[in-house]
Amino acid sequence: MEGYVQIYTGNGKGKTTASLGLALRADGAGLKVYIGQFLKKGNYSEIKALSRFENIKIEQYGLGNFIKSNPSDEDIAAGMDGYKKLCEILKQNKYDVVIAEEANVAVLFNIITEKELLALIDMKPKNVELVITGRGATKKLIERADLVTEIKEIKHYYKQGVTARVGIEK
C-alpha cells in the first residue's frame with residue numbers, strides 16, 4: 001500500500017483528535033503507528049489511552065515550558081532531538097503510519113525549520129503514511145502534501161474563559 005503525506009492545520013480544535021482517530025483506525029487494521037509530539041510534555045489523556053495499544057507508540061519531544069512565548073534554547077534542543085528521532089523512525093521503516101504532531105507549530109516557533117520538515121517528507125518511505133499536524137502549515141508544506149485539511153474555528157468556548165478539560169482537550 002502506498003503511503004501519502006497528510007496535513008491537518010488551521011486555527012480550529014481537532015487537529016490532534018483527527019490524527020489520533022487515524023492512529024486508532026490504523027491500529028484496528030493491524031498497522032503499526034508512531035506518534036511524535038512536538039512541544040508537549042506530560043501525562044495527557046491520550047498518552048494513557050494509547051498505552052493500551054501495542055501497535056501504537058507515542059513519544060513527547062517538548063519540555064512543556066512555553067505555549068505562546070519564545071522557546072528557550074532547551075526547548076529548541078528538545079525539539080531538534082525529536083526531529084532527529086522522527087528521521088530515525090522513518091529511516092528504519094518499522095511503522096506504517098508516522099504522526100508528527102504539532103510539527104507545523106514547531107516550524108512557526110523556529111524549533112525546527114521548514115526545510116527540515118520538507119526533508120522529513122523527502123525521506124518518507126513510499127509505504128509510510130506521514131501525518132503532520134499543527135496550525136500554521138506553510139505554503140511549501142501544503143504544496144508538498146497529498147491531503148490537506150484545514151480545521152477552521154467558528155466558535156470556541158475558550159473565549160468565554162473555559163480552560164482545557166481533562167478527557168476533552170487534554
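Is Arg144 buried, partly exposed or exposed, and what is its relative accessibility? Arg144 counts as partly exposed, at 34% relative accessibility (buried means under 20% relative accessible area, exposed over 50%, partly exposed in between, with a 1.4 Å probe and protein chains only).

The model is predicted: local features need pLDDT of at least 70, side-chain atom pairs count only at pLDDT 80 or more, and totals for chains, interfaces and linings use all residues. Residues are numbered from 1 along each chain as its sequence is written, and side-chain values use heavy atoms, with hydrogens and water left out.

The structure holds five salt bridges (a side-chain nitrogen of Lys or Arg within 4 Å of a carboxyl oxygen of Asp or Glu). Arg144 pairs with Asp122 at 2.2 Å, N to O. Arg144 lies in helix α6 and Asp122 in helix α5, 22 residues apart (helices are DSSP runs of H or I, at least four residues, and strands are runs of E, at least two, numbered from the N terminus). Asp122 is exposed, at 55%.

Glu59 forms a salt bridge with Lys57 (3.7 Å, N to O). Glu59 also forms one with Lys85 (3.7 Å, N to O). Glu59 lies in strand β3 and Lys85 in helix α3, so this pair ties together parts 26 residues apart in sequence. Glu59 is partly exposed, at 22%. Lys85 is partly exposed too, at 23%. A further network of salt bridges links Lys40, Glu46 and Glu101.
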